[in-house]
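Below are some notes for a colleague who is opening this entry for the first time. Please read them with the structure in view.

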Amino acid sequence: MSQVADPVAVQPPPGGMRTFLHVLINTAVANITTSFLWFGLTFWIYAETRNVIATGVIGGAYMLFISLFSMLFGTLVDRFRKKAVMLWATVIAFGVFCLDTAFFFLIGEAQIVDLTLPWFWIFAVVMLAGAVVEQLRSIALSTTVTLLVPDERHANANGLVGTVQGVSMLVTSVLSGLSVGLLGMGWTLIIGLAAMLLAMVHLAALHIPEREIVHAEGQTKWVDIRGGWLAVRAASGLFALILFSTINNFVGGVYMALMDPYGIDLFGVAGWGIWFAVASTGFIAGGVVVAATGLGRKPMRTMLLLAAFIGLVGATFALREWGWLFIVGCWLYMAVIPAVEAAEQTVIQRVVPYETQGRVFGFAMMFEAAAAPITALLIAPIAQFWVIPYMREDGEAQWAWLLGEGENRGIALIFLVAGLACALIAVLAFLTPQYRRLSAQYEQSAPPAEDEGEAEVPAPSDSVATKGGATAPPPPPTDPPHIGALRPFRPYQRAGRHQFSAHPPTAPAHRCLPAPLSTHEGRTAPDLLPPAGPRKARPRPSPRSVPDARRRTNTPAPTAHWCHPALPEAP
C-alpha cells in the first residue's frame, strides 16, 4: 500500500550521489540503445528507399508520441517507486524490441523495405512503441536528482545529465551509421537487444533507497492532467517558465528543420555527418562545465541570459556562407543547451514538492516535446515555397548588405529572424512579474543552512549519571549556546566596600526571570528555566564568610541567576 505523505523536504541518503551516478550511467546505456535502434531504423529505411517522407513521418511521430504520453509517464513516476518505474520501462521496451526483431526476421528484409506493403509501417510502429516507453526513464531520472542528491548539488547533477545526453547523441549518430552501413539492420537489432539486456540486469541489482511511496493526494487517475496543472499553478511563475521553454522549442524547431539541409549544402552528406559529430561535442563540454561549476545562485537569470545568447548565435552563424562560421555557431549553440535545460530542471526540483515532480516534469514535456516538430512541419513548406525562392530572385540583392551572397540566403534569413525572436523573448522575460516571483520563490524554498558551530543543548534532568553508575546532582545552569544575549549575571563587589548587590544600589538582590522571547528558535521563558522539582536547602553561610553589613541585616547570600539582557551592566 502506498502512503500519503506531507510535502516535506527529501533528505538524500548517505552515498546518494554515488547511487545517482549508477542510475545516470544505467539510463545513459538504455537511452543510447533505444536511440541506436531508432536512428538505425531511420538510416536504414532512407538508405534502402531514398524516401524522405518515410523518415520525416517516423521522426515527427516519435516526438509527438512522447508529448502525448508524457502526462501518463509523469503520473506513473509519482505513483510508484522510481526503481520499479525504470525497471518496468526497460523490461517492456526490451520485450517490444524482441517482438520487433522476431517480426523482422520472420517477414524478411526484402518485404519490409517495400513501402507499398504494410510490413514496414507495422515494423516502425512497434519500434516506435518501444522507444517511447523507454522515455519514461527520463522523467524518473529527473526525480531521482531530488531523491538522491543534496539540494546545493542539483545543478551539478543536472549538468551531468546534459553531459550524458551529449555523449548519447554523439555515440548514437556514429554507431547507428556504422552498424547499418557495415552490418545491416538485422545485426543492429541484435546488438541493441544485447546492450539493453545488460542495462536491465544492472538496474535490477542496483539499490535505490526510497523509504516510502510519496503521494500528494489519494488520486486514482492514470493520466492526472489536472494534478499536474494544479502542481504547476501552486508554484507562482512556474507555468510561465514552462511556456518560455515551449516558445524556445518552437524557435528550436526552425533549426531542427533547416540545419541539416544547410549543412549538407555546405559540406555534402558525408562531410556534414563528420562536422555535425564535431559540433555535438558542445553538448559534452557544456554539460561538463555545469557539472563542475553549477548555475550560480539564480538559475532563472542564468537560463534567460543563455537563451538570449542562443538567439544571438542562431541569428549570426549563417550571416555569411562560411563553413567555419556555421560549425563554430553550432558548437556554441549546443554547448549552451545543457545549461538551459539544467536550469529549468533545477528550479522545478526545488520549488515543486517531491511527491508531484513526476507530473510536473510530464506536464512540461507534454508541451515542450510537441513544439519543435510542429514548428519543423510548419517552417519547412514556408522555406521551400516562399522564402528560398524569394531570396534566389529579388531578395538576395536587397539583403546582400546583411546576408552576403550564396545559394542558401533564404535559410540564412530564416535563421536570422528566428534568432532575433529568441533573444527578444528572453529579454522581455526579464521584465515579467512571473520571473521575479519565481526567482523569489526559488530563493525562499532553499533548505536552511546548517550551522556546524552550534551544539545541541542536552535535555534537562534532575541527576547526571557518572561513570561508575552513581548519580550526581545536576550541574549549575550554563549559558545556552544558541542564545548569546542571555548570560549568567553574578553579583559584583563594589571597590573599596564589603557590600554585595545584584544590581547597582537601587535594586535589591533577586532572582529575575527572562521575559518571553518570540525569537531564539521559538523558545520562551519557561523553556529556559532550570528543571522543576524540590529545591535542596541552601546551607547557611558561616558568620565569618559574610561581611558585617550582611550579617547585620541577615540578607541571604545572592547566587548566580539568569537576568534579562535589558539590565544595565555594572560600572
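1. The protein exposes about 29700 Å², and carbon and sulfur atoms supply 66% of that area. The model is predicted, so these values describe a computed set of coordinates. Of the 571 residues in the protein, 44% are buried.

2. In secondary structure, the protein has 17 helices and eight strands. Taking the contacts with a separation of 6 or more, 82% are between residues 24 or more positions apart.

3. Helix α11 covers residues 299–316. Its 18 residues should span 26 Å at 1.5 Å a residue, and this agrees with the 26 Å between its end C-alpha atoms. The buried residues of α11 include Pro299, Met300, Met303, Leu304, Ala307 and Ala308. Further along α11, Ile310, Gly311, Val313, Gly314 and Ala315 are also among the buried residues.

4. Helix α15 (residues 433–444) passes the same kind of check: twelve residues at 1.5 Å each should span 16 Å, and the end C-alpha atoms are 16 Å apart. Which residues of α15 are buried? They are Tyr435, Leu438, Ser439, Gln441 and Tyr442. Because these residues cover an arc of only 165 degrees around the axis, they lie on the same side of α15. An α-helix has 3.6 residues a turn, so residues three or four places apart point the same way.

5. The charged end of Arg350 sits over the ring of Tyr442, 4.1 Å from the ring centre.

6. A search of the whole structure finds 21 aromatic pairs. One of them is Tyr255 with Phe415: the ring centres are 5.3 Å apart and the planes are at 20 degrees, so the pair is stacked. Tyr255 lies in helix α10 (residues 238–293) and Phe415 in helix α14 (residues 409–429), so the pair ties together parts that are 160 residues apart in sequence. Both Tyr255 and Phe415 are buried.

7. Phe267 and Trp275 form a tilted pair, because their ring centres are 6.1 Å apart and their planes are at 35 degrees.

8. Thr34 is a residue of helix α1 (residues 16–49). With 2% relative accessibility, Thr34 counts as buried. What does Thr34 contact beyond its neighbours within four places in sequence? The contacts are Phe97, Ala131, Glu134 and Met196.

9. Ile348 is found in helix α12 (residues 323–351). Ile348 has a relative accessible area of 0% and is therefore buried. Not counting residues up to four places away in sequence, Ile348 touches Leu238, Gln357, Val360 and Phe361. The C-alpha atoms of Ile348 and Thr143 are 9.8 Å apart in space, although the two residues are 205 residues apart in sequence.

Definitions and conventions: Residues are numbered from 1 along each chain as its sequence is written. This is a predicted model: local features need pLDDT of at least 70, side-chain atom pairs count only at pLDDT 80 or more; totals for chains, interfaces and linings use all residues. Side-chain values use heavy atoms; hydrogens and water are left out. Helices (H or I, at least four residues) and strands (E, at least two) are DSSP runs, numbered from the N terminus. The expected span of a helix is 1.5 Å times one less than its number of residues. Buried means under 20% relative accessible area, exposed over 50%, partly exposed in between (1.4 Å probe, protein chains only). The arc is that of the directions from the helix axis to the C-beta atoms. Contact means heavy atoms within 4.5 Å. Accessible areas come from the Shrake-Rupley method with a 1.4 Å probe; for residues, only the protein chains shown count as cover. Rings of Phe, Tyr and Trp (its six-membered ring) pair if their centres lie within 6.5 Å; planes under 30 degrees apart count as stacked, over 60 as edge-to-face and the rest as tilted. A charge sits over a ring if NZ of Lys or CZ of Arg is within 6 Å of the ring centre and within 35 degrees of the ring normal.
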